Structures are given as structure tokens and as C-alpha cells.
Amino acid sequence: MKGIVVISGKLTDKWLKLCGVVGQSHLGFLILIRQSYRGNLSLLNHEKIHCAQARELGILFFYLIYGAEYLVNLCRFRDHKAAYLQISIEMEAYLHDTDYKYLKNRKHFSMWRRN
Ligand SMILES: [Zn+2]
């Protein structure tokens, strides 16, 4: 399973806008995309990569690692955007979100691999 895609409704769309995000993945299978980003394939692929990571790490460790890396990066860079972009989970997703075959050949724990 690569994820169940849900285009957000009015309420969730407002929530996503308020959070400043265009899409989110949850629990390793649910993908929520803002209405105005419907059909954005790289965004969809980005969230599918997060689903694969969450299933691999386990939901709890996925969120723990994500949060811990963000906090460490925030202390390091003192900037939300820089801290977010330097999370290893995000780095892998951004690096491969336009490679639509990436998930077929993805190696385990690729968020921490250098090649
Ligand atoms: Zn992401």
C-alpha cells in the first residue's frame, strides 16, 4: 500500500492553510492534499515517500525522529525553514519527489544514506 489520497474538504483545507502546508501524510498510509494542489504529482510523490518512511520506521519512531531532528536543527539554525529542510526525512523526500519510480527501488533507511 502506497497511501490513500484524500483531497481536503473545506475545514481541513483551512486547517492546512493555517498550518502553512500544502500536503501532509499521516500514520503511514493517509495523504491529505490541499484542494488547490490537486494533481500536483511531485507533492503526491513527496507524501508517498513519507508514508514509506513511516511504515519503515514505525509511526511512533517516524514522528519522534522527525520532531527530534527538527528541534535539534532549530537550535542549530535558529530558523524554522532551515530546520525543516534539514530533517533527514524531508531531505530524502525533497531529493526524490520528482522521481516517480523512486519508491519502487528505494533502499531501506534511505533517509540516512548518502547515495
Ligand atoms: Zn515532507
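Student: Hi! Looking at contacts with a separation of 6 or more, how many are between residues 24 or more positions apart?
Tutor: In the protein chain, 51% of them. Two residues are in contact if their C-beta atoms, placed from the backbone, lie within 7 Å. This is a predicted model: local features need pLDDT of at least 70, side-chain atom pairs count only at pLDDT 80 or more, and totals for chains, interfaces and linings use all residues. Residues are numbered from 1 along each chain as its sequence is written.

Student: Okay, which elements are there, in order from the N terminus?
Tutor: The order is β-α-β-β-α-α-α-α-α, with six helices and three strands. Both are DSSP runs numbered from the N terminus: helices are H or I with at least four residues, strands E with at least two.

Student: Which residues of helix 5 are buried?
Tutor: In helix 5 (residues 88-96), they are Ile89, Glu90, Glu92 and Ala93. Buried means 20 or more other C-beta atoms within 10 Å of a residue's own; exposed means 12 or fewer, and partly exposed is in between, with C-beta atoms placed from the backbone.

Student: Why do they line one face?
Tutor: Seen down the helix 5 axis, the directions from the axis to their C-beta atoms fall within an arc of 160°, so these buried residues line one face.

Student: And what covers them?
Tutor: Helix 2 (41-57), helix 3 (59-77) and helix 4 (80-85) are included in the cover.

Student: New topic: which residues touch the most other members of the largest nonpolar core?
Tutor: Among its 14 residues, Ile31, Leu32, Ile33, Cys51 and Ile89 do. Such a core is a set of buried Ala, Val, Leu, Ile, Met, Phe, Trp, Tyr and Cys residues joined through C-beta atoms within 7 Å.

Student: Which element gives the most to this core?
Tutor: Helix 2, with five residues.
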